[in-house]
Amino acid sequence: MAYEIWHMKNDCTSECLPTRLNILSKSSGLARLLLIIGACVLASSCAKKPPPRVEEKPIPPGTRSTVDTAAVRSAPNLPAAKPAEVEQAIERVFKGAVTIETDRSPYFTVGDFNGDLSQDLAVAVRPTRGKLLTINDELAPWILVDPVRIAKPAPKGAPYPESHAEMARRRRVVVDEGDNLLAVIHGFQSKGWRDSQATQTYVLKDAVGAKMETQARKQIVWTGNKEKLPRIWGDVIAQSINEQYGFIYYNGAKYSWYDPRGYKPEEPTRIVHGGGAKVKR
């Protein structure tokens with residue numbers, strides 16, 4: 001009986017062993033098959049080409065943010081200036097140091113003269129009697145400029161002391177009684193010269209002439225004549241001074257006078273390697 005039971009166990013073990021081995025073998029085969037399928041999927045995904053990269057289109061040269069581009073655009077459209085508003089702006093800045101020359105026609109004009117897209121105001125004024133010290137005060141909140149005199153070419157052939165003295169006089173501007181002045185109040189943001197914070201002002205000596213009017217920069221500067229003109233940042237104040245027609249313009253640092261008959265563009269310069277000297281081409 002015991003022998004039969006032992007024999008039956010041995011027979012069962014011997015018979016069942018191949019079955020278990022087959023099961024294990026089938027499981028290993030399935031695992032290998034899954035590994036092969038996974039590898040194929042991975043290889044196919046790696047073989048796929050990545051999606052095409054969207055490249056940015058180049059910005060047209062005419063739309064780049066430059067000083068010239070900013071100057072071509074115009075300041076926001078604002079209502080026409082009223083004499084009462086002009087008087088209020090002059091009083092806000094000068095506090096009685098100048099008097100508006102209302103007998104001139106026109107005696108004021110508006111435009112974006114410094115090219116910052118904010119409307120500016122130019123007004124013909126004269127010194128108020130007894131206020132010269134206030135106008136010429138170096139700490140005054142305005143900058144004195146003599147644009148017509150500065151625009152004149154430096155004296156040629158004159159001894160150095162004389163030429164040096166002349167250039168020093170041009171740099172140090174002094175307003176005298178009876179001088180015709182052009183007060184230019186730079187605008188502040190969207191309200192322009194009407195804004196209470198619009199206080200940056202230039203006082204231009206002997207810069208008031210006849211037929212004063214604003215001309216847009218795009219009317220003056222274009223591709224064909226850009227190299228023949230000085231650097232102009234904004235609109236210009238066209239007029240006739242001393243029977244010479246020209247315009248007042250802002251060059252990025254101060255105001256100057258342009259006379260088309262006498263202006264000569266500066267010759268370009270280049271740096272010579274080694275010595276660092278500037279040589280005219």
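What does the accessible surface of the protein chain come to, and what percentage of it belongs to carbon and sulfur atoms? The accessible surface is about 19,300 Å², and 57% of it belongs to carbon and sulfur atoms; areas come from the Shrake-Rupley method with a 1.4 Å probe, and for residues only the protein chains shown count as cover.

The model is predicted: local features need pLDDT of at least 70, side-chain atom pairs count only at pLDDT 80 or more, and totals for chains, interfaces and linings use all residues. Residues are numbered from 1 along each chain as its sequence is written, and side-chain values use heavy atoms, with hydrogens and water left out.

**Whole chain**

Begin with the protein chain, which has seven helices and 12 strands (DSSP runs numbered from the N terminus: helices are H or I with at least four residues, strands E with at least two). Of its 281 residues, 32% are buried (under 20% relative accessible area, 1.4 Å probe, protein chains only).

**The sheet S7-S8-S9-S10**

Select the four strands of this open sheet, whose pairing is antiparallel (strands pair if DSSP finds at least two bridges between them). At the edges lie S7 (210-215) and S10 (255-258), each pairing on one side only.

Next, select residues 236-241, strand S8. Five of its six residues are buried, so S8 is largely enclosed by the rest of the structure. Four bridges join S8 to S7, and Ala-238 in S8 stands opposite Glu-213. Towards S9, five bridges join the antiparallel strands, with Ser-240 and Tyr-245 as bridge partners. S8 and S9 form a hairpin with two residues between them; at Asn-242, in the turn, phi is positive at about 55°.

Continue to S9, residues 244-250, which pairs with S10 over four bridges in the antiparallel sense. Display Ile-248 and find Trp-257 of S10 opposite.

**Aromatic pairs**

Now show the aromatic rings: the whole structure holds eight aromatic pairs (rings of Phe, Tyr and Trp, the last by its six-membered ring, with centres within 6.5 Å; planes under 30 degrees apart count as stacked, over 60 as edge-to-face and the rest as tilted). Tyr-107 and Phe-108 are edge-to-face, at 5.0 Å centre to centre and 70° between the planes. Tyr-250 and Tyr-255 form a tilted pair, with 5.0 Å between centres and 55° between planes.

Methods: Buried means under 20% relative accessible area, exposed over 50%, partly exposed in between (1.4 Å probe, protein chains only).
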